[in-house]
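Please look over the model shown below, with its backbone and its sheet in view. The notes that follow are grouped by topic.

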Amino acid sequence: MRWFSVVVLFLLTVSLFYQSSNSLLADVSTIEKLEEFFVEEGLDISSVSVTMHKVSNESEAKLFIKNQQQAQKNKNINESFNVVYLSENRVKVVYEFKGAVWSEKVKGLLQNRMLNPEFRHFFKNGQIYSCFQSRTDVKINSNFMIDKIINFYNIQKTNVMDEEKFKVVSGTTEQFEQYIPLDNEHINIQFAIREQENGTKTITIGTPILVIEY
């Protein structure tokens with residue numbers, strides 16, 4: 001699968017990330033909005049990814065991870081806390097939540113983490129990337145699905161990559177608060193549709209950009 005320069009774009013934009021809200025309550029609402037499209041279209045969610053970054057001093061980061069690192073128990077999720085050393089006493093804490101399915105139980109586990117007071121305080125000015133993905137054999141034209149996503153989120157398109165059996169659209173929507181600069185514009189939603197030879201489609205929607213394989 002192609003990453004559509006995800007790694008390069010991710011590294012270039014990570015320090016240019018903007019968020020108009022300093023509360024993870026807004027991010028819980030964002031996750032619910034991402035989920036809503038798939039539910040409305042009757043698409044099974046096959047993968048969920050939420051990644052958060054926060055630059056901190058080393059001592060604060062160690063204390064936070066010590067208090068938070070005990071993973072929630074569920075066979076369908078994988079939680080991790082990692083530290084990237086940037087300079088003397090400066091580190092980046094990376095939290096990742098990956099779900100192999102999406103259910104009320106998994107949703108509750110994610111919300112429990114994000115609404116934990118200490119977690120909210122630590123990441124209140126951090127960066128968050130949320131992605132939902134569905135693999136479906138529903139017989140529907142990719143361009144028709146693109147129009148459905150654009151209309152659902154009222155997206156103003158800023159960039160489109162259109163290749164055979166693979167399309168990626170970037171744009172802006174007022175439904176999400178955080179955004180990043182890209183090509184002299186701001187984007188806060190990105191989605192991709194990939195068609196397999198057997199007719200299966202992979203539909204991935206993320207904000208502000210996609211940071212998972214699609």
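N89 sits in the loop between β2 and β3, where helices (H or I, at least four residues) and strands (E, at least two) are DSSP runs numbered from the N terminus. The model is a predicted one, in which local features need pLDDT of at least 70 and side-chain atom pairs count only at pLDDT 80 or more, while totals for chains, interfaces and linings use all residues. Residues are numbered from 1 along each chain as its sequence is written, and side-chain values use heavy atoms, with hydrogens and water left out.

**Backbone features**

- N89 has a positive phi of about 70 degrees although it is not a glycine, and with a relative accessible area of 41% it is partly exposed (buried means under 20% relative accessible area, exposed over 50%, and partly exposed in between, with a 1.4 Å probe and protein chains only).
- K165, placed in the loop between β5 and β6, also is not a glycine and has a positive phi, of about 65 degrees; its relative accessibility of 31% makes K165 partly exposed.
- T207 and P208 are joined by a cis peptide bond with omega of about -5 degrees, and P208 belongs to the segment after β10.

**The sheet and its helices**

- Eight strands form an open sheet with antiparallel pairing, in the order β2-β3-β1-β4-β10-β9-β6-β5, where two strands pair if DSSP finds at least two bridges between them.
- β2 (77-87) and β5 (156-163) stand at the edges with a single partner strand each, so one side of each has no neighbour in the sheet.
- β1 pairs with strand β4 (residues 127-136) in the antiparallel sense over seven bridges, and M52 stands opposite I128 in β4.
- Helix α4 (residues 104-114) packs on the sheet and touches β1, β2, β3 (90-99) and β4, its direction making about 160 degrees with that of β3 (axes are lines fitted to C-alpha atoms, for helices over the stretch in contact, and angles run from 0 to 180 degrees between N-to-C directions).

**Around V55**

- V55 lies in strand β1 (residues 47-57) and counts as partly exposed at 38% relative accessibility.
- Leaving aside neighbours within four places in sequence, V55 is in contact (heavy atoms within 4.5 Å) with L86, R90, V91 and K92.

**Confidence**

- The mean pLDDT of the protein is 84, and 87% of its residues reach 70 or more, pLDDT being the predictor's confidence in each residue, from 0 to 100.
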